[in-house]
Amino acid sequence: MKFTSVVVYAVVGMAAATQAFVPLQTQGTTTARFSSTAVEGATSQVERNENFAKLAGGYLFPEIGRRRNAYVQEHPEMADRIISLGIGDTTQPIPPHILSGLVEGAKKLGTKEGYSGYGAEQGQALLREKIAKVLYNDLIDASEVFVSDGAKCDIMRIQQMFGPKVISAVQDPSYPVYVDTSVMMGQTGNQDTSTMQYDNIVYMRCSPENGFFPDYASMPRADVVYLCSPNNPTGAAATKEQLESMVKLCRERGSILVFDAAYAPFIRSPGVPKSIFEIEGAKDVAIEVNSFSKYAGFTGVRLGWTVVPSGLKFKDGSLVRDDFNRVMTTAFNGASNIVQSGGLACLDEEGQKEISTLIDYYLENAKLLRQTFEEIGFPVHGGTDAPYVFVELPESVGGSWNAFNMILEKAQVVTIPGAGFGPGGEGFLRLSAFAPKDSVIEACKRLKEAFQ
């Protein structure tokens, strides 16, 4: 009779080294098991990255989801009534021409002639060239474009390039990723619980009084300045004059400006720049991150890019582009071949028309939300050159999280409390226009009833 030995390993926690090996004999088979002497719940001996302990609470958008889910658990009969005007996730289907690019990209992989494996980490040459030509009118060179899986991911990669020793400046309020990645990289101290600000970050207050554009000149110098226009969450789009002043100041101070232009296609006002590189001298001081997420409904498809000018230098004269290229080639294998085919379709003439139609759809939603809160009687910002409406709340509401809770309970509408974007956002509420139009119309009706 032939016997077969089968070894079964059972490892509990990190206690494998303390387990005794005990063979088991069964008819025709020899098996083995570990007899555990470990204490349940044993942990590793690896020190936690201390910077993660500095992070205050959870990341904003998962926290919104958690509260929404908790409400549904308590009120299951309301589950189908909930309308989300919260996270900026697109809801309209990808248009036909752009979709055909994705489909054809997938089909090619099923043919001997069209199959491709690893590509250039910086992105397909044709896509980089098309981004430079169609979206930047050749203000930049294709070699300065790095194609990626999204602007949010690139912000973290930029932080990895800068490392822990830089001082960053952020708009207040601002997209949470700028602050949270600074904390993760070890650039900051702890959060001051009285101000809700981190030590070693320069918070540039943005309010209705300064048109939601930061007065960097009155602030301490920072190595890296993060600027988003059109802005998330305020919806403010910076004018040419404002951007000229920022570029000039960054040149004088030797700061690098990281310009987030993810909402650029929403700009409809004449003369408002869609790229920082429309400003003279910007290539000496600026990096631009962008994404197809809001352009073409690619939030789940994932495709973006970052522009690092070839002449941008660090203090020692080394090229910033070379270091960012090293990050990309070391920690990234390039955006999906299929997705890049969709990106090429976005930049065709027909794709550009489809994008314009999508943007018009969401801007009409933003207009409805603006009008609703104007009728309620609250001051309203944004919603013209951006998909976000930033509502100024009266003190009687009791703060932005109270407003969030009240609206969820009374109207079953999910919004975003301004406090989630930093201390400067307290007293405001952000609403997203990324929803089906019929949902926006219904939400507007409920909001009016809730605030009566």
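Domain bounds, as used here, come from an automatic or database domain assignment. On that basis the protein is divided into domain 1, which comprises 60-93 together with 351-450, and domain 2, which spans 96-348. The model is a predicted one, in which local features need pLDDT of at least 70 and side-chain atom pairs count only at pLDDT 80 or more, whereas totals for chains, interfaces and linings use all residues. Residues are numbered from 1 along each chain as its sequence is written, and side-chain values use heavy atoms, with hydrogens and water left out.

The centres of domain 1 and domain 2, taken over C-alpha atoms, are separated by 25 Å. To the contact (heavy atoms within 4.5 Å), domain 1 contributes 33 residues and domain 2 contributes 40 residues. The size of an interface is often given as the accessible area lost when the parts come together. Here the buried area (the accessible area, with a 1.4 Å probe, that two parts lose on being put together, summed over both) is about 2,800 Å² between domain 1 and domain 2, and carbon and sulfur atoms give 62% of this area. Of the area that domain 1 buries against domain 2, 23% is supplied by D385, F421 and P423, more than by any other three residues.

Elements are described here by DSSP runs, helices (H or I) having at least four residues and strands (E) at least two, numbered from the N terminus. The elements that each give two or more residues to the side of domain 1 that touches domain 2 are α1 (60-74), α10 (349-376), β14 (380-382), β15 (388-392) and β18 (428-432). Among these, α10 gives the most, with 10 residues.

The structure as a whole holds 16 salt bridges. In one of them, the side chains of R268 and D360 meet at 3.0 Å, N to O. In another, K283 pairs with E144, the closest N and O atoms being 3.1 Å apart. This second pair links distant parts of the chain, 139 residues apart: K283 lies in the loop between β11 (256-260) and β12 (286-291), and E144 in the loop between α3 (125-135) and β5 (145-148).

The peptide bond from S229 to P230 is cis, with omega near -10°, and P230 is placed in the loop between β10 (224-228) and α6 (240-253). A cis peptide bond also joins N232 and P233, with omega about 25°; P233 likewise belongs to the loop between β10 and α6. F212, although not a glycine, has a positive phi of about 60°, and F212 is found in the loop between β9 (201-205) and β10.

Technical notes
A salt bridge is a side-chain nitrogen of Lys or Arg within 4 Å of a carboxyl oxygen of Asp or Glu.
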